[in-house]
Amino acid sequence: MLSRRHLRVKALQALYAFFQSDGQDLVAGEKQLLRSTDKLYELYIWQLSFLVRFADYSLNRIEEAKKKFYPTEEDLNPNTRLVDNKIIAQIDKNRDFRRWHEKLKINWSDEENLFHKLFQELKTHEEYNKLIKLPYKGYQDDKELLNFIIQNLLPDFELLRMLYEDQSIYWSDEDYDISLMMLLKTVRIFREHWGPEHSLPTLFKSEEDEEEDELDDRQYMIKLFRYVILRNTETGKMIEEQAENWESERIAVMDMIIMKMALTELMIFPEIPVKVTINEYIEISKSYSSIKSKLFINGILDKLVVKLKEEGKIKKSGRGLLE
């Protein structure tokens, strides 16, 4: 379910922690990397649970509104598009989800204010109200409704972000955003005929994906992390030689790690095109470095690609990956 970019980001975060702590134990570093990805999947389960609980909360509010002394027409004939959402019902009954829910001991009983806040936001959201009033055409409409909530309400729902951050040191803003992407992917792949026994999507590439890379995603992430550390001195010298008027100590730690990751990937993953590697790390630098750093990283990598090709250290093979 995670994209290769997300795997690169998780490796980047783990490498930053490793180098900043003067890490010497590679095995311990790898275990920490895998633990951080495992915790990301747990956050994904919490997010699924949040959607299920929110639908329950909405149903309770609808039932309470009907019992008002002077109920309005809307109270008596509420829109039930959210509480009747078929995908939420499927998630709630899913055996994988139920097992994880029990294992993690998820409990929202002390967070009524959280659901009340989101419920009020939805009730007053103009686009949401337009969406739920459209004629219901079936399962695809349920997907669109969930997508709307995930894309338009949850990214800026700071109360939920803060709750997760307080619960685990592993659940950063970046992980929260990735978990939303995972929710969107789940909604996309769900099918109406799926029963409770159908497995939830896995964190790493599954057999159901359209293509299988020569190296599976979990192996890719571990190998990238490992070889960036093993080749740390080598890639550091390469960068220093090309960084005119810049001593390595003056280059930001994050910028240095990003470049070392790119160089390592260029040299040890023959199945990944050069352009893909360069583009991916430039994109990552936009989030983790300054604008000036991005230009600096791009310039250094461009020079080193030419040099490494001349030295025969970049060798690509398979499915037309020469460039």
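The points below are grouped by topic, beginning with the chain as a whole.

This is a predicted model, and its protein chain has 15 helices and 0 strands. Buried residues make up 48% of the 323 residues in the protein chain, and the C-alpha trace spans about 80 × 40 × 35 Å along its principal axes.

**Whole chain**

- Among the contacts in the protein chain with a separation of 6 or more, 79% are between residues 24 or more positions apart.
- The accessible surface of the protein chain comes to about 17,400 Å², and carbon and sulfur atoms account for 49% of that area.
- The protein chain carries 49 positive and 59 negative side chains, and the centres of these two sets lie 2 Å apart.

**The largest nonpolar core**

- In soluble globular proteins, nonpolar side chains tend to be buried together.
- The largest nonpolar core holds 104 residues, and the members that touch the most other members are F50, W108, L154, L160 and M182.
- Helix α2, which covers residues 26-66, gives the most to this core, with 16 residues.
- When residues up to four places away in sequence are not counted, L160 touches Q47, F50, W108, L114, L154 and Y176.

**S285, within a helix**

- S285 has its place in helix α14, which is made up of residues 274-288.
- Is S285 buried or exposed? S285 counts as buried because its relative accessibility is 0%, and the cut-off for that class is under 20%.
- A polar atom of the S285 side chain lies 2.5 Å from the backbone oxygen of I282.
- With its neighbours within four places in sequence left aside, S285 is in contact with I258, K294 and I297.

**P196, within a loop**

- P196 is found in the loop between α10 (173-189) and α11 (217-230).
- P196 counts as partly exposed because its relative accessibility is 33%, a value that falls in the class between under 20% for buried and over 50% for exposed.
- Which residues does P196 touch, not counting residues up to four places away in sequence? On that basis, P196 touches K93, N94 and R95.
- P196 and I91 are 105 residues apart in sequence, while their C-alpha atoms are 8.0 Å apart in space.

Definitions and conventions
Residues numbered from 1 in each chain as written. Predicted model: local features only at pLDDT ≥ 70, side-chain atom pairs only at ≥ 80, totals over all residues. Heavy atoms only, no water. Core = buried A, V, L, I, M, F, W, Y, C linked by side-chain atoms within 4.5 Å. Buried < 20%, exposed > 50% of the residue type's maximum accessible area, 1.4 Å probe, protein only. Helix = DSSP H or I, 4+ residues; strand = E, 2+ residues; numbered from the N terminus. Contact = heavy atoms within 4.5 Å. Polar contact = N/O pair within 3.5 Å; in protein donor to acceptor, adjacent residues only side chain to side chain. Areas by Shrake-Rupley, 256 points an atom, 1.4 Å probe, with all protein chains shown as cover. Lys, Arg positive; Asp, Glu negative; His and termini not counted. Charge placed at Lys NZ, Arg CZ, Asp CG, Glu CD.
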